[in-house]
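Dear colleague,

Please find the structure below, handed over for your files. My notes on its side-chain pairs follow.

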Amino acid sequence: MNQHPPPLVRAEGLHKSYGHRQAIRGIDLAIWPGETVAIIGPNGAGKSTLLDLLLGLRQPDGGKVHYSLPEPRRQIGLQLQNAPLFAGFTVLENLRMFAACYGLRCKKAELLAMLERCGLGEAAHTNAAHLSGGQQKWLAIAIALVHQPRLLFLDEPAAALDPRARRQMRSWIAELAAEGVSVVLTSHDMDEVQQVADRILLLQDGHIVAEGTAEALLATSGTSSLEDMYLKYTDTKEEVRGV
Ligand code: ADP
Ligand code: MG
């Protein structure tokens, strides 16, 4: 008897083209409760498109995405590569407006606590347009969490962050995972991936060319680092499933 809870999201046979460009060419995947999954791969491999399909922000040309979450929009948080912010409004006001989009009326103290957690406590009353790139990323992440989602999608969360902020990001993702939140992230930072991901999907040309835990992928590829594994499989297009 299968005792496992169902996956939160299951995608089957996904295909997506932009004109003649086939961005996603037949992807099956499942995201299980509580796991952290890293999607890695070269620029243009299809990572952001895959997230958009999983999120329902784009419709696939073929295949389906199923959610076992009731009311997926309320259970999912997302930080996309270009997060929209209300320029001219403060950090706190931005967070409050996004909370209102979810029908939440949060107390100021709750919102300030969320900002504090994302390192934006001192910037709460700053115009969002005046934040640094890294601070804007953290605000996008605070917004992604405002409704306490069970599943979080992060598109290159560590990009544009300085080394200290990257380290904070890693421990922050680990904290969320410890709280049982499922996290799907894309990243080019192999140290980050090795540290936070339970499972890794390597995408190239719209295909998953390697999949498994970091240990399994290293063992199957015969490499000593994820970076070497990445270079090996993105070079040869060889397929491996190392779960
Ligand atoms: P990644 O996030 O891995 O860098 P993307 O999903 O952004 O990859 O892009 C996959 C492919 O689809 C690339 O060739 C990219 O140029 C193309 N693409 C992405 N978005 C669009 C779009 N809106 N219109 C046309 N082509 C797109
Ligand atoms: Mg991308």
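A polar contact here is a pair of N or O atoms within 3.5 Å; within protein, one must be able to donate a hydrogen and the other to accept it, and residues adjacent in sequence count only if both atoms are side-chain atoms. Such a contact, of 2.7 Å, joins the side chains of T223 and S221.

This is a predicted model, in which local features need pLDDT of at least 70 and side-chain atom pairs count only at pLDDT 80 or more, while totals for chains, interfaces and linings use all residues. Residues are numbered from 1 along each chain as its sequence is written, chains are lettered from A and ligands numbered from 1 in the order in which they are written, and side-chain values use heavy atoms, with hydrogens and water left out.

T223 is located in the loop between α8 (214-221) and α9 (226-236); helices (H or I, at least four residues) and strands (E, at least two) are DSSP runs, numbered from the N terminus. With a relative accessible area of 17%, T223 is buried, where buried means under 20% relative accessible area, exposed over 50%, and partly exposed in between (1.4 Å probe, protein chains only). Leaving aside residues up to four places away in sequence, T223 touches L218, D228, M229 and K232, contact meaning heavy atoms within 4.5 Å.

I turn now to the charged pairs. Side chains of opposite charge can pair when their charged atoms come close. A salt bridge is a side-chain nitrogen of Lys or Arg within 4 Å of a carboxyl oxygen of Asp or Glu, and by this rule the count comes to 9.

One of them pairs R117 with E175, with the closest N and O atoms 3.1 Å apart. This pair links distant parts of the chain, 58 residues apart: R117 belongs to helix α4 (residues 108-117) and E175 to helix α6 (residues 163-178). R117 is partly exposed at 35% relative accessibility, and E175 is partly exposed at 39%.

D189 and R170 also meet in a salt bridge, at 3.5 Å from N to O. D189 lies in the loop between β7 (182-186) and α7 (190-196) and R170 in helix α6, so the pair ties together parts 19 residues apart in sequence. Both partners are buried, D189 at 13% and R170 at 18%.

Finally, R74 bridges to E71 at 3.3 Å between the closest N and O atoms. R74 is partly exposed, at 42%, whereas E71 is exposed, at 55%.

With kind regards
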